[in-house]
Amino acid sequence: MSNCGDCKSKILREDRMKLKCVGCHKFFHGACARVTSEEIKVISDRKTPWKCLDCDERRLSFSVGGAGNGGIDLGSDSPLAESRTSLAAAVADVKKELDANLRTIKESAERLSKAIGTLDKLAKNCEQNSARIGEVDVRVCETERSLLLDTIEIHGVPERVKPRDAVGGSVLAAKILQSATGVELNGDVIDDCYIVKKKNRQQESGSTTYGNNIWIVKFTGRKIRQMILCASREATKAGNGLVCVSEIQGVHDFPVKICERISSNTRTLYSMARKYAQENGWKFVWIRDGRVLVKKSEEESRVYRLSSSKDLSKLP
């Protein structure tokens, strides 16, 4: 019985997991000498000289080589040689697979980079097209507004008041407007007059009923239109409203409402502005000459003009 040259603990005589150094003649545990049980068996069976780490500066506890230089000649058919060959082949296969995967990743990265570049170009084109569309929408809305600057709507005329023809419609519209506003009119100031049905409500059955018709009146000039609208605003401010006192086809003393004729785009923008005002505490929303105007409060002097829905996001 002797002590291990590394850990100094006892090594029993019958211990098979031990080695003796031919240099210092000390015994070592296989685990302390970093030698496996298979290597110890080969060394023992072949009676191959073995040196500890201190005696062998090359720090070879087990080397495959010629016996003449202090190593162990295992032969090409030994289990360790076969394991080493298999391991080398496996490493080569893994390296080959990694190289193939790396090439695939590089190719995918190149395709992805090209796709990102294409998407960036498309996004830029989309932004430019969106800006152009917005400009076109503004111009279209402005054109529609200009075309309606000589037109008004009359609400509240009883349905039984019906003109016999277009000329008769202009004459009746002039009588209604003059009676309700006090502005003197004649048939020559009205260029056209037509009537559309107004949807009042949706019944539970799904059928639509119609209330009083809407009279659309187009003037030959904007000055008369402005006079009519000013009279209507003054009556609204006074809280009196407008009433047609003249007898029109057997009907008289019926209230009417006179307002600007606006485009569907302006009407939509007006609804959006009203919703915005309710949600954000803005007090005034109105339409003047086909434009939607907003004002935050009575104390606020600035009036904001809205040309599109994008202008709502720019409000302070």
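Select T151 first: this residue is buried, with a relative accessible area of 5%. Buried means under 20% relative accessible area, exposed means over 50%, and partly exposed lies in between, with a 1.4 Å probe and protein chains only. The model is predicted: local features need pLDDT of at least 70, side-chain atom pairs count only at pLDDT 80 or more, and totals for chains, interfaces and linings use all residues. Residues are numbered from 1 along each chain as its sequence is written, and side-chain values use heavy atoms, with hydrogens and water left out.

T151 sits in strand 5. Helices (H or I, at least four residues) and strands (E, at least two) are DSSP runs, numbered from the N terminus. Now show what surrounds T151. Leaving aside neighbours within four places in sequence, T151 is in contact with I216, V217, K218, R225, E260 and R261; contact means heavy atoms within 4.5 Å.

The side chains of T151 and D150 are joined by a polar contact of 3.1 Å. A polar contact is a pair of N or O atoms within 3.5 Å; within protein, one must be able to donate a hydrogen and the other to accept it, and residues adjacent in sequence count only if both atoms are side-chain atoms.

Keep D150 and select K218. The two form a salt bridge, with the closest N and O atoms 2.9 Å apart. D150 lies in the loop between helix 2 (79-147) and strand 5 (151-157) and K218 in strand 9 (residues 213-219), so the pair ties together parts that are 68 residues apart in sequence. A salt bridge is a side-chain nitrogen of Lys or Arg within 4 Å of a carboxyl oxygen of Asp or Glu. D150 is buried at 15% relative accessibility, while K218 is partly exposed at 28%.

Move to R225 and D289. Their salt bridge has its closest N and O atoms 3.6 Å apart. D289 lies in the loop between strand 12 (284-288) and strand 13 (291-295) and R225 in helix 4 (residues 222-238), so this pair ties together parts that are 64 residues apart in sequence. R225 is buried at 1% relative accessibility, and D289 is partly exposed at 24%.

Then select E298 and K283, a salt bridge with its closest N and O atoms 3.3 Å apart. Here E298 counts as exposed at 52% relative accessibility, and K283 also counts as exposed at 52%. In the whole structure, a search finds twelve salt bridges.

Finish with the pockets. On a 1 Å grid over the protein atoms alone, a pocket is an open set of points with protein on both sides within 12 Å along at least five of seven lines, and lining residues have an atom within 4 Å of a point. To find the largest pocket, select K257, I258, C259, W286 and I287, which lie nearest its centre among 28 lining residues. Helix 4 gives the largest share of that lining, seven residues. The volume of the largest pocket is about 940 Å³.

For the second largest pocket, select C141, N265, L269, S307 and S308, nearest the centre among 18 lining residues. Helix 2, helix 5, strand 13 and strand 14 each supply at least two residues of this lining. The second largest pocket holds about 300 Å³ of space. A volume is the space filled by probe spheres set on the grid points, which are joined across faces, edges and corners.

How values were computed
On a 1 Å grid over the protein atoms alone, a cavity is a set of points where a 1.4 Å probe fits but cannot get out, and a pocket is an open set with protein on both sides within 12 Å along at least five of seven lines; lining residues have an atom within 4 Å of a point.
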